Amino acid sequence: MSSEIRFTDFKSDKQPTWCPGCGDFGTMNGMMKALAETGNDPDNTFVVAGIGCSGKIGTYMHSYALHGVHGRALPVGTGVKMARPDIEVMVAGGDGDGYSIGAGHFVHAVRRNVDMTYVVMDNRIYGLTKGQASPTSREDFETSTSPEGPKQPPVNPHALALASGATFIAQSFSSDALRHQEIIQEAIEHDGFGFVNVYSPCVTFNDVDTYDYFRDSLVDLKEEEHDPTSREDAKDVILDNEKEHQGVIYKDESSVPYHEQHGVDEDMSVIPDGAPESATDLVREFY
Amino acid sequence: MAADFNWAVGGEAGDGIDSTGKIFAQALSRAGRHVFTSKDFASRIRGGYTAYKVRTSVDKVQSVVDRLDVLIALTPRTIEENLDELHEGSVIIYDGERTTMQDVEIPEEMIGLDVPLKSLAEEAGGAIMRNVVALGAACEVAEFPIENLDSALEKRFKDKGQKLVDNNKEAARAGQSYVADEYDHEFDYDLETTDEDYVLLNGDEAIGMGAIAAGCRFYAGYPITPATDVMTYLTGRIERYGGHVVQAEDELSAINMALGAARGGARAMTATSGPGIDLMTETFGLIATSETPLVICNVMRSGPSTGMPTKQEQGDLNQMLYGGHGEVPRFVLAPTTIDECFWKTVEAFNLAEKYQLPVYLTADLSMAVTEQTFSPETFDMDEVEVDRGNVVDETTIDDHMSESGGFQPHEITDDGISPRAFPGTADGAHMSTGLEHDEQGRRTEDTDMRVAQVDKRNRKVETAREREDWSPREFGDEDADDLVITWGSNEGALAEAVEILDEEGQDVRVLSVPYIFPRPDLSADVEAAETTVVVECNERGQFADLVEHDVLERVDRVNKYNGVRFKADELAAEIKSTLAEGVEA
């Protein structure tokens with residue numbers, strides 16, 4: 001089927017209302033290409049998104065999709081995957097959606113290791129509410145709600161993920177189309193929770209974390225002596241505040257996804273018409 | 001009606017009160033006697049007063065009463081707490097060697113049986129069995145054949161080895177012999193056995209069993225009293241049918257996981273109690289707007305805020321009816337008996353899928369933790385029907401496409417019910433969202449489409465009103481001038497109260513209503529009655545408000561909100577005095 005599926009099959013007929021030049025265009029294109037390249041089609045793919053600019057992605061893509069409430073996309077993705085191990089699940093969120101209101105769910109989704117791909121479109125600002133500090137904003141980044149900067153260190157999502165037992169941690173840059181697609185693809189193919197933080201610049205409200213900034217500062221882990229299967233190497237990269245990285249930071253090749261650990265392999269949408277034959281046993285237990 | 005027997009064991013949490021009570025209840029049930037249990041417990045793991053009460057009769061029992069015949073008291077407080085219910089001739093079994101029980105005073109008109117529970121248990125193999133010694137003593141007092149206790153002990157301990165079972169049987173006999181040998185007394189009790197086979201289960205368990213029978217395959221929840229037993233029941237059982245339980249990190253996650261599973265095409269459920277419903281309410285709106293079938297079980301406890309988490313109340317009715325911003329249709333089902341917890345759970349899943357909306361299934365603490373005996377046929381699995389509603393497949397999906405070829409999960413239809421496509425259905429890919437949307441699920445702010453979608457969602461309710469049976473259950477004297485209406489777990493107490501009232505020459509007609517929304521039209525019933533009293537465990541009379549709203553007529557109320565369920569004799573007295581006073585202006 002993969003040969004027949006083109007990435008444009010994942011495009012909906014809705015025109016994105018993202019600002020011209022928004023990093024999210026590149027993030028989404030990479031996701032669609034990666035889905036097509038890994039042999040998926042819109043009818044066996046489920047995309048879950050939260051609230052904010054990132055949350056619009058389900059509208060612009062064509063697949064089974066749910067546009068959820070703020071911060072709760074990961075639990076929805078978990079439910080879809082548990083009910084339907086046969087369906088490819090992608091969850092998209094922003095830095096606010098994922099690391100602020102949804103931070104608790106992030107930690108628990110990571111440690112459950114549900115087999116889905118989590119893409120965070122990180123622009124280090126709240127865009128849709130017109131420019132407030134986000135959990136990944138720099139400590140001195142001046143915004144409407146932080147005129148002198150948030151005065152608190154940004155969340156380090158990769159460190160949170162590693163500490164929570166992540167089996168796949170990566171970072172990409174939406175403007176580096178090929179690398180971004182390659183990294184998302186690797187996350188999809190990973191057996192377990194594939195977490196990718198994507199630098200997805202906001203051209204309207206963030207004049208610090210710009211395309212030029214990332215282009216100039218990004219170090220590709222492919223070109224470094226980095227062993228993604230080593231937690232030690234991963235820790236060094238994640239705690240290195242001096243550099244911005246892209247690439248697969250950590251990958252546990254022995255990862256067993258949640259549903260396999262729990263022996264869940266059935267399509268739960270199929271149920272008998274009437275109580276299951278052995279259900280009488282349920283009553284007998286109360287004798 | 002055969003005389004009933006009321007028994008309790010009480011002490012501190014951690015004294016093994018729960019398992020002792022359960023063993024006795026099971027012994028009675030296995031001996032073919034009807035059983036109704038209730039629990040007094042505090043919100044702590046160890047310490048604090050806790051009691052397990054058992055009412056039993058050869059006839060059906062469906063309520064607690066203000067009477068206690070035999071009490072196993074492990075602490076002095078147990079006697080104090082139950083003084084009102086103890087009567088002349090009540091037997092109190094206690095261990096006078098226990099430090100705290102050495103100076104205990106047994107009221108004069110009662111019979112104190114000082115049984116060295118701990119010493120006898122140690123002789124039988126371990127101090128831990130002292131409660132079983134007490135059970136043996138109770139069997140002797142009640143002339144209840146101890147072989148029935150053996151069978152309950154086997155059920156309880158067989159997985160831990162025959163040695164433990166034998167030791168427990170020996171411990172029970174030690175208690176029995178001690179009373180027989182040391183007390184030359186004729187007690188007033190003589191518990192008959194019958195050949196009936198009964199099952200003994202509580203409301204939470206009935207809900208869990210109903211969920212599995214109805215094809216629920218995914219459950220996500222967060223532990224909260226008194227809803228946790230639903231999750232405990234499903235864990236380890238739902239897997240046998242290919243399902244799975246997730247203990248989520250919080251209620252927000254739980255309901256979103258259930259939502260995801262439902263979008264995946266599974267029958268999914270979450271259960272919680274009031275505070276958890278608060279947390280779930282944001283997602284509730286999304287579920288309703290995206291027209292996702294989901295069963296949300298609210299096992300009510302005493303609120304507001306943390307309130308009294310281990311006490312009874314029916315205070316969340318308004319929360320379930322009106323909770324959430326904006327206006328969205330939802331159904332609210334409220335089983336009124338434990339067996340109905342099973343059947344209404346099955347119905348909740350069918351209604352959720354037929355009408356593609358969230359269904360609140362509400363029980364209350366008293367029903368959730370209370371065990372009652374039933375004939376196994378009450379839960380006849382052959383009667384369970386599964387109706388998945390309007391689900392399309394590859395062959396039928398073509399009838400539900402837009403002009404441009406997109407599947408229309410929110411198609412505007414006459415009955416308000418749109419087609420559903422599960423993921424994997426070819427050409428069915430579509431968006432679901434909490435944003436207002438067009439027929440394809442795509443965001444819209446078009447004024448006409450907004451109105452059309454709101455109307456379509458509401459039309460489902462009208463369709464359901466026409467197609468389903470929302471009748472209340474009726475009992476008492478159908479020709480009586482006075483009408484009593486109730487909902488939730490009060491039905492059992494009310495049924496017995498009616499018998500008491502009848503003996504006292506007061507006839508009432510009773511309607512027990514298991515549907516809060518949509519609900520039966522009670523106008524004619526209320527208009528025909530001289531006085532109408534609505535009985536419920538809350539202060540405001542939330543259901544009474546609904547009745548007044550529907551009927552445009554004032555009704556009287558009997559409310560209880562001290563955290564304790566209604567008792568049959570108490571309820572009879574309350575109704576009688578309320579009827580005597582007439583409707584308050």
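How many nonpolar, polar and charged residues does the lining of the largest cavity have? The structure is a predicted model. For the complex, the predictor gives an ipTM of 0.97 and a pTM of 0.96. In chain B the mean pLDDT is 95, and 99% of the residues reach 70 or more. Where pLDDT is low, predicted coordinates should not be read in detail.

A search of the whole structure finds three cavities of 30 Å³ or more. The largest cavity has a volume of about 180 Å³. It is lined by 20 residues, and those closest to its centre are R263(B), E291(B), R420(B), A421(B) and H430(B). Two elements give two or more residues to this lining: strand 2 (64-67) of chain A and helix 9 (251-263) of chain B. The opening question can now be answered, for the lining has eleven nonpolar, six polar and three charged residues.

The largest pocket may be considered next. Its volume is about 950 Å³. Among the 34 residues that line the pocket, D18(B), K39(B), F41(B), D229(B) and V369(B) lie nearest its centre. Several elements of chain B give two or more residues to the lining, including helix 1, strand 2 (34-40), strand 3 (49-57) and helix 8 (228-234). By class, the lining of the pocket comprises twelve nonpolar, ten polar and twelve charged residues.

Helix 1 of chain B also takes part in helix packing. Two packed helices are described by the angle between their axes and the distance between the axes. For helix 1 (residues 17-30) and helix 4 (residues 130-142) of chain B, the angle is about 35° and the axes are 10 Å apart. The crossing of these two helices of chain B is right-handed. Helix 1 contributes I17(B), T20(B), I23(B) and F24(B) to the contact, while helix 4 contributes N131(B), L135(B) and C139(B). Of these contact residues, five are nonpolar, two are polar and none is charged.

Finally, some details of the backbone deserve attention. The peptide bond from T225(B) to P226(B) is cis, with omega near 0°, and P226(B) lies in the loop between strand 8 (216-221) and helix 8 of chain B. The peptide bond from G303(B) to P304(B) is cis as well; P304(B) is placed in the loop between strand 11 (294-300) and helix 11 (317-322) of chain B. Q356(B) is not a glycine, yet it has a positive phi of about 50°. This residue, Q356(B), is found in the loop between helix 12 (338-355) and strand 13 (358-364) of chain B.

Key:
Residues numbered from 1 in each chain as written. Chains lettered and ligands numbered in written order. Predicted model: local features only at pLDDT ≥ 70, side-chain atom pairs only at ≥ 80, totals over all residues. Heavy atoms only, no water. Axes fitted to C-alpha atoms, helices over the stretch in contact; angles between N-to-C directions. Helix = DSSP H or I, 4+ residues; strand = E, 2+ residues; numbered from the N terminus. Left-handed = near helix turned anticlockwise from the far one by under 90°. Contact = heavy atoms within 4.5 Å. Nonpolar A, V, L, I, M, F, W, Y, C, P; charged D, E, K, R; others polar. 1 Å grid on protein atoms, 1.4 Å probe; cavity = no way out; pocket = protein on both sides within 12 Å on 5 of 7 lines; lining within 4 Å. Points joined across faces, edges and corners; volume = space filled by probe spheres on them. pLDDT = per-residue confidence, 0-100.
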